[in-house]
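Okay, everyone, thanks for coming. Let me put the model up and walk you through a few spots.

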Amino acid sequence: MEHFWARLNDLPDEIIMIILKKLYNVEVLYYFIGVNKRLNTIAHDSIFSSCLNLYQYFSDDHYICPLPDPMLNRFCSQILPEIHNKIQWLNLESSSMKRILSATNYPNLYGLGLYDINVEVAPSLFTDESFFNPLLKNQILSLVIDIVENDEQSSSEYQHIFIFTQIFTMFPNLKYLNFGPSSIFYQRLSFGIPPPTIISSTLLELHVCLDHFIDCLYLLDGRFNQLHSFHVHIFSLFALATTINNKEKLSSLKCFSLHCDSTTNSYERSILPLLYRMINLEKLDLHLMIECNQEFVDSNDLKKNIINRIPGLKNFVFNIRSMRYFCDEIRLPLNEDIQHTFNSLQNNKIISYVNYFPEAGHSEYHIYSYPYKLKFYRNITNNFPGGLFKYVTEVSLFDEQPFEHEFFLRIQKSFPFMKELTVINQKPQNKKQYENFKNYDQTLSIIKYPHLTLLNLGCVHDDYIEQFLFDTKMCLSNNLYLIIDYQSLARVTHNFQRNITRINCAKLRYLRLHGEYTILKH
C-alpha cells in the first residue's frame with residue numbers, strides 16, 4: 001500500500017484529479033484524507049466534498065443500505081467534522097441519517113436527500129423537534145424524500161399527506177421539493193375534500209405524484225404562488241366536478257411536465273384549459289394516452305391547440321398516443337410538413353406513425369419528439385420506425401401481426417441498454433416454416449440483449465418462447481428473471497429435456513410460472 005501511495009504521489013495534480021473523479025466522492029474522502037498533505041489537499045477539493053452520498057446502493061436489486069460500520073464511524077468522528085464547512089448537499093438513508101446529521105454542524109448545507117425512509121419513521125422526522133436543529137431547518141432550500149414500504153408495513157394516503165404538509169412547516173425557506181422520486185405507486189398524494197392547508201411563498205420547483213387531476217388543480221390554486229417549475233405524474237386524468245380555482249392565470253410558471261400512464265378522454269376539457277392558464281410557459285413536457293372520438297392528436301392539433309396558444313413556448317417535449325375505436329385508414333401528413341410545424345421550437349426531430357388493430361377494433365396514432373428521453377417505450381409494433389433510444393430500459397412489444405426474427409434484431413439495435421422486456425403476441429411466426437430447411441438456423445444472426453434482467457413471455461405464442469430460448473437464435477444474459485406460462489414452457493422444452501433450450505434456461509435466476517403445474521424433482 002505504501003508503494004501505491006508513493007507511485008500515485010509522483011503524478012501531477014491534474015492526472016490525480018482525473019483518476020479520483022472516476023471514484024465515488026465518499027471513497028475519495030475515506031481513502032485519501034490523512035494519507036499525506038498533498039493528497040489530503042486534493043481530497044478536500046469541493047468537487048469531492050460538496051455533495052456526498054453516505055449510503056451503499058446496489059443497482060441490480062435497487063437496494064439501499066448504510067455504509068459499513070468502520071467507514072461510517074470514521075466519517076462521523078473525523079471526516080465530516082473536518083470538511084463540514086464545504087458540504088452543501090447530503091444524501092442519506094434512514095438508519096444512519098440522525099447520526100450523520102448530529103456528527104457536526106453544516107453551515108453551508110442547503111440540500112438534503114432522504115432515501116429508503118421507513119414508512120413508520122417518516123412522520124416523526126417532521127414532528128420531532130430534535131431531529132433537525134433550528135439553524136438547519138432554515139438552511140435547507142432543497143429536499144428529496146423517498147418513502148419505502150415492505151410486506152409488513154404499508155402507508156396510508158393520510159400519512160403521505162401529513163408528511164407532505166409537515167415538510168413546509170419544518171423547512172420554511174424550501175425552494176425545491178421532490179416527493180417520492182423512486183415509486184409512483186407508493187407515494188401518490190390524494191388530498192380529498194376538503195384538502196389540507198398548505199401554503200408556501202418560497203417554493204420554486206415541485207416534483208410530485210398524484211392520484212387524480214383534481215389534486216393537480218389543488219396544488220395550482222395559488223397556494224404556491226412563486227412556483228416556476230412543476231413536474232407531476234398523475235395516475236388518473238379523468239375530470240371530476242370541482243370547485244377548486246381553475247381560472248386564475250399561473251403567471252410564475254415557466255416549466256410544466258405532465259405524465260400519465262392511464263388513458264384519458266379529458267384532453268380538451270381538462271388538460272388544454274390548464275395549459276392556457278400558464279401564460280408565460282417556456283418549457284412543456286407531456287406524456288399522455290388520449291382516447292379520441294374524432295380526430296387523432298397529431299402535429300396539426302399540437303400546432304393549433306398548444307403551440308399557437310402559448311406564444312412564449314420555446315421547448316416542447318412530448319410522447320402522445322391517441323386512440324380511436326375504429327380502424328379506417330387515414331392520410332398522414334408528410335414528415336417534412338410535421339417538421340415544419342415545429343420549426344419555432346428547440347426540438348431536433350418529430351416521429352409519428354399509425355398502428356391498426358382490426359381484431360381489437362381500434363387504431364392508434366403515436367407522435368413523439370426525438371431524442372426520446374423517457375426510460376420506457378411501450379406497445380411497440382411492426383410499424384416501429386426505429387432509431388436509437390439510449391435512455392430506454394423498459395420495453396414492451398404488442399401486435400396482431402407476427403414478430404419475425406429480424407424484428408427482434410431491430411429491437412436490439414434500437415434499445416442497447418434495455419433491462420426489462422415484455423412480449424405480447426399470439427400470432428405464430430410466418431417464417432417458422434423455413435426452419436425445416438437445411439442450415440436455416442445458421443443463416444440467423446444470434447441476438448444478444450446484454451443488459452436484460454427481466455423477460456415477460458406470459459402471453460405469447462410458443463414461437464416466441466423458442467425465439468428466446470433457442471441458443472441458435474438468442475443469447476440471453478445471466479441471472480435473468482423469466483415470467484412464462486408453465487404449459488407453454490413444457491411444450492417448447494419437450495418437458496425440460498430439449499438440448500437446444502438448455503444453455504439459455506441455465507441462465508435463469510428467477511422463474512415465475514403462470515397456469516396450473518406440479519414441479520417434479522428432476
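So, which residue in E10 is the bridge partner of Val232? It's Leu258. Quick housekeeping: this is a predicted model, so local features need pLDDT of at least 70 and side-chain atom pairs count only at pLDDT 80 or more, while totals for chains, interfaces and linings use all residues. Residues are numbered from 1 along each chain as its sequence is written, and side-chain values use heavy atoms, with hydrogens and water left out.

Back to the strands, which like the helices are DSSP runs numbered from the N terminus (helices H or I, at least four residues; strands E, at least two). E9 (229-236) and E10 (255-264) run parallel, joined by 5 bridges; two strands pair if DSSP finds at least two bridges between them. They belong to an open, mixed sheet of 12 strands, ordered E1-E4-E5-E6-E7-E8-E9-E10-E11-E12-E14-E13. E1 (51-53) and E13 (349-357) each have a single partner strand, so one side of each has no neighbour in the sheet.

Next, Asp462, in helix H16 (462-469). Asp462 is buried, at 17% relative accessible area (buried is under 20%, exposed over 50%, partly exposed in between, with a 1.4 Å probe and protein chains only). The side chains of Asp462 and Arg491 make a polar contact of 2.8 Å (N or O atoms within 3.5 Å; within protein, one must be able to donate a hydrogen and the other to accept it, and residues adjacent in sequence count only if both atoms are side-chain atoms).

Most residues other than glycine have a negative phi, and most peptide bonds are trans. Here, Tyr370 to Pro371 is cis, omega near 10°. Asn479 has a positive phi of about 60°, and Asn495 also has a positive phi of about 60°.
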